Amino acid sequence: MFITFALITLLGALGMLLQKNVIVAGLFMVAAFFGVAGLFVLLANPVAAALQVIVYTGAIMVLVLFVIMMLNSHEEEKAQSSRPVQRWVSVALVTALAFGAVKLVLASPGLKALAQSGAALPEAMTLQKVGVTLFADHLLGFEVAGLLLLAAMIGAVALTKRNL
Amino acid sequence: MTGMDAILQGGLQGYLVVALLLFAIGLAAVLLRRTLLMQFMGVELMLNAANVALLAFARFRGGDSQATVFYLFIIAVAACEAAVGLALVIGLYRHRDTTDSDRAASLKQ
């Protein structure tokens, strides 16, 4: 099960990276987000999985696809200069980062101990537990998040309106 | 469980490897693609990688609900970033008629 969702996630992400057409790349992103939601279910966290599907695939990706279609930028524009050095440096950097970090994760004894001590599947996360923690311990953070969303909404309208 | 087994069976290391590779792919999209919308999707991918790692650690520490609350805050910020970021892309398109980040290299018109 884990390997299926991991493959959906990683292949979706890789398809996004390699795809020429921006809309198809966006649809690959939707597949990757669904894969991540599946991983959250396997992590005994259906609340996070539902939020992932609603917010990421339901809101953010729809917004992105909407903007792609509105600006009519389906294809990547032709490069003004090809910049081969920068491209190779970034490819080398990203591969070095990925390989180095994966090697560190696999070699770490602390992570191995944690994986063994917490191997038993915990009780599934419920909305009630999340709500109690949210309003008991993080009430201020919750209010600030609401204010931030309001500010972002007003900012987005102000930025896109032609003459305010 | 040996290293390879832990990855294939969905041990903690398996989730962390998926998160790391997801982050690397997102970073590659930001560095290699020139369309701003593709770079934006790369940023979203990197945010998601952080979420996967966070919730994997929470599950192996006995299903802590604090992590889910943090995840809630992270997606609230991601939604704000999406709205403002896409508004900026639209603003750039209005002024320069392009969504290519290379063509927006100077501050002057």
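The contact between the two chains in this predicted model takes 81 residues from chain A and 75 residues from chain B, where contact means heavy atoms within 4.5 Å. About 7300 Å² is buried between chain B and chain A, and carbon and sulfur atoms give 74% of that area; buried area is the accessible area (1.4 Å probe) that two parts lose on being put together, summed over both. Leu32(B), Met41(B) and Arg59(B) supply 9% of the area that chain B buries against chain A, more than any other three residues.

Residues are numbered from 1 along each chain as its sequence is written, and chains are lettered from A in the order in which they are written. Local features need pLDDT of at least 70 and side-chain atom pairs count only at pLDDT 80 or more, whereas totals for chains, interfaces and linings use all residues; side-chain values use heavy atoms, with hydrogens and water left out.

Between chain B and chain A, 13 residue pairs are in polar contact, both residues being at pLDDT 80 or more. A polar contact is a pair of N or O atoms within 3.5 Å; within protein, one must be able to donate a hydrogen and the other to accept it, and residues adjacent in sequence count only if both atoms are side-chain atoms. On the side of chain B that touches chain A, at least two residues are supplied by each of helix H1 (3-9), helix H2 (12-32), helix H3 (36-60) and helix H4 (65-96) of chain B. H4(B) gives the most to this side, with 24 residues. Helices here are DSSP runs (H or I, at least four residues), numbered from the N terminus.

The largest nonpolar core holds 78 residues, of which Met16(A), Phe40(A), Val64(A), Ile68(A), Leu12(B), Met41(B) and Leu45(B) touch the most other members. This core draws at least three residues from each of domain 1 (1-74) and domain 2 (126-164) of chain A. A nonpolar core is a set of buried Ala, Val, Leu, Ile, Met, Phe, Trp, Tyr and Cys residues joined through side-chain atoms within 4.5 Å; buried means under 20% relative accessible area, exposed over 50%, and partly exposed in between (1.4 Å probe, protein chains only). In soluble globular proteins, nonpolar side chains tend to be buried together. With residues up to four places away in sequence not counted, Met41(B) touches Met16(A), Val22(A), Ala25(A), Gly26(A), Met29(A), Met61(A), Val64(A) and Ile68(A).

Domain bounds come from an automatic or database domain assignment. The C-alpha centres of domain 1 and domain 2 of chain A lie 23 Å apart. Leu159(A) is placed in helix H7 (residues 139-160) of chain A and counts as partly exposed at 38% relative accessibility. Apart from neighbours within four places in sequence, Leu159(A) is in contact with Val84(B), Ala87(B) and Leu88(B). A separation of 38 Å lies between the C-alpha atoms of Leu159(A) and Val41(A), which are 118 residues apart along the chain.

A search of the whole structure finds three salt bridges over all chains, a salt bridge being a side-chain nitrogen of Lys or Arg within 4 Å of a carboxyl oxygen of Asp or Glu. Side chains of opposite charge can pair when their charged atoms come close. The count between chain B and chain A is one salt bridge, in which the side chains of Asp102(B) and Arg83(A) meet at 3.4 Å, N to O. Asp102(B) lies in the segment after H4 of chain B and Arg83(A) in the loop between helix H3 (46-71) and helix H4 (84-107) of chain A, so the pair joins two chains. Arg83(A) counts as partly exposed, at 37% relative accessibility.

Within chain B, Asp100(B) forms a salt bridge with Arg34(B), the closest N and O atoms being 2.9 Å apart. This pair links distant parts of the chain, 66 residues apart, with Asp100(B) in the segment after H4 and Arg34(B) in the loop between H2 and H3. Asp100(B) counts as buried at 3% relative accessibility, and Arg34(B) also counts as buried, at 14%. Arg103(B), partly exposed at 29% relative accessibility, forms a salt bridge with Asp100(B), with closest N and O atoms 3.6 Å apart. Salt bridges that share partners join Arg34(B), Asp100(B) and Arg103(B) into one network. Leaving aside neighbours within four places in sequence, Asp100(B) is in contact with Glu77(A), Lys78(A) and Arg34(B).
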